[in-house]
Amino acid sequence: MNSEESLWSKADKKLNRARKRMSHLAEFSIEPTRKVILCNLGLANVLEKECFEQYVSQALPEIRYTLSMPAGETYCFFDFDSVKEAQDFYSQSHGKLKFVVNKRKVPFCLGYVKSVADKTLNHCLPPSHYPNGLRLIENFVTPDEEKLLLDDLDWNDNVMKDATVSPIPEKYGFLLKSFEDLTTENVDYNQLTINRYLPGQGIPNHVDNNEVFDEPILSLSLNSSYVMDFCKCDSLEQRQKVSIDLPQRSLLIMSGEAFREWTHGIAQRQNDVVETDSGDDVRKRGIRVSFTFRRVKKSYDSNVDNSSSDNKDYSKSLRNLINPVSTITDKVASKLEETYVHEVYESISDHFSKTRHTPWHNVETFVKNLKPGSLLLDVGCGNGKYLHVNPNICKFGIDRTMNLLQICRERNFEVSRGDCLYLPYKENSLDAVICIAVIHHLSTEERRRQAIVEIIRILRPRGRALIYVWAKQQSRGSVNSKYLKSGKMKKDTRTKAGEKQTPTEVMHRDNKISITLPVHENRTEFDHRDLLVPWKKEEESFLRFYHVFREGELRELCETVPESNIEEIYYDQGNWCAILEKK
Ligand SMILES: O=C(O)CCC(=O)C(=O)O
Ligand SMILES: [Fe+2]
């Protein structure tokens with residue numbers, strides 16, 4: 001294959017994935033059409049429309065088109081006058097033309113589309129279209145008051161950056177006083193968060209946790225107008241998105257449905273698209289400072305953070321803002337696992353298998369010690385690395401991933417396809433089960449429990465199971481797990497000069513299922529318990545969902561499973577491990 005062909009096939013593979021991912025946004029077409037979607041570049045990563053247009057016209061000077069770039073997205077649409085022009089553009093650009101994003105050359109991934117869903121065009125809406133419970137008061141403070149509030153902040157002192165203070169300092173009493181007229185009930189605000197956004201910065205879509213905060217929450221926008229996006233998922237397929245312009249000096253009041261059922265967030269970009277009388281306009285962002293006033297519920301008062309300046313407090317405050325994954329429905333959980341576990345393993349299976357050949361010592365010992373003739377099932381057998389360690393037993397594996405099962409077949413292992421939540425075996429039929437590094441991919445406690453219930457169900461009385469899951473704690477005593485050892489330790493959050501840096505945390509938002517999860521920095525300690533862990537394969541990065549277990553959690557989970565005795569719980573190289581026996 002020459003290098004051009006290899007680029008083509010890479011871009012085509014990307015397009016196939018994008019088609020699935022974006023099917024709710026656009027109707028793709030195999031046949032050429034006039035409209036072409038650029039699946040991997042948009043305002044969210046190319047940042048400036050003018051600059052991008054200039055780049056395209058320099059690379060392809062003959063091409064004439066209209067470009068729509070929905071705000072905050074990593075795709076955009078080219079509209080041509082004729083199919084012929086669209087074809088010319090496609091053949092010259094797909095997989096060939098490259099744009100530099102974060103020092104990486106990203107080849108254009110293009111697809112023909114028949115139509116585009118309206119919701120992709122991200123216009124700001126007037127108040128009549130706001131989500132229920134949302135109000136905006138323009139000019140809530142005067143320019144003089146704004147100046148006073150801003151002058152008072154000392155941005156050289158990083159502690160003030162994204163700081164949460166409680167109680168609210170007296171100097172802001174005049175604001176609290178003017179809040180009294182806003183609602184009939186008098187909300188006694190006791191927490192203030194001051195955020196500063198530089199152009200290009202945003203805040204991931206989230207819900208301020210309604211178990212922690214009373215409503216309404218108030219947010220005062222200072223120094224620059226920004227667009228805020230609100231999203232609500234009515235079902236997996238149905239998503240409403242509303243973008244609202246927050247003018248400088250305005251106050252946003254969030255309560256009711258807008259507070260509880262809609263996420264809010266600010267896209268990371270340099271400019272906003274706002275509607276004016278003469279059509280869409282691009283407005284450059286300045287530095288925005290927001291003052292968010294909240295009332296922490298009485299029952300949470302004791303947990304109010306006075307110093308959110310260090311790493312731990314920061315993740316704690318972030319946790320307060322984002323509704324936990326544990327509240328998701330089973331349908332959403334299964335969709336989450338399909339996208340962030342099953343599809344990923346299908347895509348990375350070859351690469352994954354190459355890195356998974358050495359059996360872990362304690363698992364190997366468990367399998368080797370089984371009596372000759374024992375029946376063993378490996379649930380989530382992967383490439384089958386435990387299916388050959390004991391020649392004297394009868395063993396078979398089960399997995400969801402076709403590409404890994406194919407590898408097992410080539411090695412002559414007995415495997416079948418199945419789901420760990422519904423094992424296709426009769427109760428009381430097996431002598432032993434191993435389930436290594438599988439249950440941490442299930443996204444709710446009930447599903448993790450169900451997997452163990454299934455394992456116990458198929459074991460015969462006195463049959464034994466060995467379960468391994470990732471531990472939140474990757475080091476014990478002074479010993480780091482292999483996972484940490486093979487990488488680097490968590491970055492120090494202080495600079496050489498001893499100043500504190502604001503810890504940066506990457507969040508990944510899946511709009512289809514309305515879930516925001518932190519993206520883990522590989523080979524570092526875990527800050528969260530539900531997270532996405534990147535798997536890097538060549539130039540691509542895939543995100544896998546993990547629930548990492550805190551100390552004691554695996555025991556507590558196993559204790560809720562009827563008919564099982566816990567023989568042993570131990571820690572092994574960054575994993576919590578359980579040996580269970582069926583009663
Ligand atoms: O900056 C804002 O206006 C809102 C910030 C926010 O949503 C939050 O801190 O929860
Ligand atoms: Fe918020």
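This is a predicted model: local features need pLDDT of at least 70, side-chain atom pairs count only at pLDDT 80 or more; totals for chains, interfaces and linings use all residues.
I began at the ligand, where a polar side-chain atom of arginine 294 lies 2.7 Å from an oxygen atom of ligand 1. I call that a polar contact, meaning a pair of N or O atoms within 3.5 Å; within protein, one must be able to donate a hydrogen and the other to accept it, and residues adjacent in sequence count only if both atoms are side-chain atoms. Taken alone, ligand 1 exposes 290 Å², and the protein buries 98% of that. These areas come from the Shrake-Rupley method with a 1.4 Å probe, and for residues only the protein chains shown count as cover.

Residues are numbered from 1 along each chain as its sequence is written, chains are lettered from A and ligands numbered from 1 in the order in which they are written, and side-chain values use heavy atoms, with hydrogens and water left out.

**Around the ligand**

Which residues come nearest to ligand 1? I found Tyr197, Ser219, Arg288, Ser290 and Arg294, out of 13 residues around it; to be near, a residue needs a heavy atom within 4 Å. For tyrosine 197, a side-chain N or O atom is 2.5 Å from an oxygen atom of the ligand. For arginine 288, a polar side-chain atom is 2.8 Å from a ligand oxygen. I then looked up the strands: β10 (191-197), β11 (203-206) and β19 (288-294) each supply at least two residues of the shell, and β19 gives the most, with 4 residues. Strands (E, at least two residues) and helices (H or I, at least four) are DSSP runs, numbered from the N terminus.

**The cores**

Next I looked for nonpolar cores, which are sets of buried Ala, Val, Leu, Ile, Met, Phe, Trp, Tyr and Cys residues joined through side-chain atoms within 4.5 Å. Buried means under 20% relative accessible area, exposed over 50%, and partly exposed in between (1.4 Å probe, protein chains only). The largest core has 38 residues, of which Leu41, Phe52, Phe78, Phe89 and Phe108 touch the most other members. Apart from it lies another core, of 33 residues, including Val379 and Tyr425.

**Two helices**

In α4 (residues 83-93) I listed Ala86, Phe89, Tyr90 and Ser93 as buried. They fall within an arc of 100° seen down the axis, so they line one face of the helix; the arc is that of the directions from the helix axis to the C-beta atoms. Just after α4, glycine 95 takes a positive phi of about 75°.

In α11 (residues 402-410) the buried residues are Leu404, Leu405, Ile407 and Cys408. Their arc is 155°, so they too line one face of their helix. On the other side of α11, Arg409 and Glu410 are exposed. Covering the buried residues of α11 are, among others, α9, β21 (394-399) and β22 (415-417).

**Two single residues**

Is glutamate 337 buried or exposed? It counts as buried, at 2% relative accessibility, and lies in helix α9 (residues 330-354). Leaving aside neighbours within four places in sequence, glutamate 337 is in contact (heavy atoms within 4.5 Å) with His342, His441, Leu442, Ser443 and Arg447.

Serine 541, in strand β30 (residues 540-547), is partly exposed, at 42%.
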